[in-house]
Amino acid sequence: QVQLQESGPGLVKPSQTLSLTCAVSGGSITTGYYFWSWIRQPPGKGLEWIGYIASSGSTSYSPSLKSRVSISRDTSKNQFTLQLTSVTPEDTAVYFCARENSSPAYENWGQGTQVTVSS
């Protein structure tokens, strides 16, 4: 059973860079046809897709966030990382990592981590 666990600071100051890591267990992030994704949910709003890094290593980002987002991976640790630069209070949200298959459908989710952008 694949499990995902987000980690990172819960509080980030405006203009700084938000960095979150998703540790994956029970399966390799480099095998199969999967998209290792980041998704967020601002308070009182719906889910927003941020982007993914595929098992192949290719990446794709939301057009609205593309200029500020980077997703990378550390295959030796079987984890992938989100970096979001120049954050504002509008980036405050619960951030989730998830595994998407080719259907497409999200098969596995992390529990989510709250990130607040505030001075």
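Predicted model: local features only at pLDDT ≥ 70, side-chain atom pairs only at ≥ 80, totals over all residues.

Mentor: Residues are numbered from 1 along each chain as its sequence is written, and side-chain values use heavy atoms, with hydrogens and water left out.

Trainee: Is the peptide bond from serine 103 to proline 104 cis or trans?

Mentor: Most peptide bonds are trans. Proline 104 lies in the loop between β9 (93–100) and β10 (106–109); strands are DSSP runs of E, at least two residues, numbered from the N terminus. Omega of the bond from serine 103 to proline 104 is near 5°, and the bond is cis.

Trainee: Is asparagine 78 buried or exposed?

Mentor: Asparagine 78 is in the loop between β7 (69–74) and β8 (79–84), and its phi is positive, near 55°. Buried means under 20% relative accessible area, exposed over 50%, and partly exposed in between (1.4 Å probe, protein chains only). Asparagine 78 has 15% relative accessibility, so it counts as buried.

Trainee: What kind of aromatic pair do phenylalanine 96 and tryptophan 109 form?

Mentor: Rings of Phe, Tyr and Trp (its six-membered ring) pair if their centres lie within 6.5 Å; planes under 30 degrees apart count as stacked, over 60 as edge-to-face and the rest as tilted. The structure holds 8 aromatic pairs. For phenylalanine 96 and tryptophan 109, the centres are 5.7 Å apart and the planes are at 85°, which makes the pair edge-to-face.

Definitions and conventions. Helix = DSSP H or I, 4+ residues; strand = E, 2+ residues; numbered from the N terminus.
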